[in-house]
Each structure stands twice: as structure tokens, then as C-alpha cells.
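Here is a briefing on one protein model. Please look over the sequence and the structure before reading on.

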Amino acid sequence: MVNIEHLQTVHVPASKVYEALTTAVGLSEIWTNELIIHNQIGFINEFRFGSNDITKMRIEELITNKKVVWQCIDSDPEWIGTIISFDIQEKNGKTFITLRHKNWKEITPFYRSCNYNWAIFLYSLKSYCENGEGLPYQKRKF
């Protein structure tokens, strides 16, 4: 199995990052503004990226201000069964977010594209948490 891992540092409390990753307001600014989400273990969040592209993530774990874990149950076939986790650690006035996208079967062109796009996701998260405006799918021009 192959994993994607990224680390992002933001200059806000961990609670702000956790809120951004677990609410419709936050995720609509960070990832896509076409979504259905609830902050509840077992709930299946839905994220749309255009009319025919839907990703469904079941919430596997929530530890307030520390961790968010999703399992992909519907999306591109390469994503189904993969795990996306966000570990959140606050230290010395900064919050560190480690994003892991685990259990890829192999490195493919789609894997490489997703690796790049997770970095953009973390940039969007940082921008939203620090400046109040993210870069969701609908605003991207690249």
C-alpha cells in the first residue's frame, strides 16, 4: 500500500482547524461548496466536484481539536476504501496538521494528481483559518 502525507502549519488555535474540518461552513470554504455533512461518527459526508463527480466519506473518528478520520466509500475507484486522516496538534501558538491519505493500491497518475491537490487543500485550509477565505474547488482556476 502507498500513502500520501503532508504537514501544514497554521497560526490559529487547534479548535479553529478542527471546526474548519468538521463543519459545512469550514469545508465549503476549504474543499467544495457543494456538500452535505454532519459532525457525527458513522455519518456519510458527501462532497461534489461538478455535476458528475461525488465523493462520499464515512466519518470513522472524531477527537475534538485533535483528530478527524474519514473512510472513502464512494468516489473514483482508486479512492474507495482509502482512509483520510487529519492529526491536529497545537504547540507554542501554532497548530500543525498532518494529513494522511492511506491505503492506495499503487502509484498512478491519479495518485500523483491527488497528492498535488491535497497540498492545495491544506493551503486552502491555512488561508481560511488565518484569513477567513479559502480556495474551494469552485474558485480554483488551475
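Is aspartate 87 buried, partly exposed or exposed? Aspartate 87 is partly exposed, because its relative accessibility is 22%. The classes are buried (under 20% relative accessible area), exposed (over 50%) and partly exposed in between, with a 1.4 Å probe and protein chains only.

This is a predicted model, in which local features need pLDDT of at least 70, side-chain atom pairs count only at pLDDT 80 or more, and totals for chains, interfaces and linings use all residues. Residues are numbered from 1 along each chain as its sequence is written, and side-chain values use heavy atoms, leaving out hydrogens and water.

**Sheet**

- Seven strands form an open sheet with antiparallel pairing. Their order is β1-β7-β6-β5-β4-β3-β2.
- Strands (E, at least two residues) and helices (H or I, at least four) are DSSP runs, numbered from the N terminus. Two strands pair if DSSP finds at least two bridges between them.
- The edges are β1 and β2 (35–36), each pairing on one side only.
- Two bridges join β2 to strand β3 (residues 44–48) in the antiparallel sense.
- Isoleucine 36 has glutamate 46 in β3 as its bridge partner.

**Salt bridges**

- The whole structure holds six salt bridges. The criterion is a side-chain nitrogen of Lys or Arg within 4 Å of a carboxyl oxygen of Asp or Glu.
- Aspartate 87 pairs with lysine 67 at 3.4 Å, N to O. This pair links distant parts of the chain, since aspartate 87 sits in strand β6 and lysine 67 in strand β5 (residues 67–74), 20 residues apart.
- Lysine 67 is partly exposed, at 22% relative accessibility.
- Arginine 100 forms a salt bridge with glutamate 5, with the closest N and O atoms 3.6 Å apart. Arginine 100 is in strand β7 (residues 94–104) and glutamate 5 in strand β1 (residues 2–10), so the pair ties together parts 95 residues apart in sequence.
- Arginine 100 is partly exposed at 24% relative accessible area, and glutamate 5 is partly exposed at 47%.
- Salt bridges link Glu5, Lys67, Asp87 and Arg100 in a network.
- Arginine 58 and glutamate 60 form another salt bridge. Their closest N and O atoms are 2.6 Å apart.
- Arginine 58 is partly exposed at 28% relative accessibility. Glutamate 60 is partly exposed at 32%.

**Serine 85**

- Serine 85 is found in strand β6 (residues 83–91).
- Serine 85 counts as buried because its relative accessible area is 3%.
- Leaving out residues up to four places away in sequence, serine 85 touches Val68, Val69, Thr98, Leu99, Arg100 and Lys102. Contact means heavy atoms within 4.5 Å.

**Largest pocket**

- The largest pocket holds about 400 Å³ of space. Of its 17 lining residues, Trp31, Phe49, Asp53, Asn117 and Arg140 are the closest to its centre.
- On a 1 Å grid over the protein atoms alone, a pocket is an open set of points where a 1.4 Å probe fits, with protein on both sides within 12 Å along at least five of seven lines. Lining residues have an atom within 4 Å of a point.
- Volume is the space filled by probe spheres set on the points, which are joined across faces, edges and corners.
- Helix α3 (residues 109–131) gives the most to the lining, with seven residues.
- The lining has 10 nonpolar, four polar and three charged residues. Nonpolar covers Ala, Val, Leu, Ile, Met, Phe, Trp, Tyr, Cys and Pro; charged covers Asp, Glu, Lys and Arg; the others, Gly among them, are polar.
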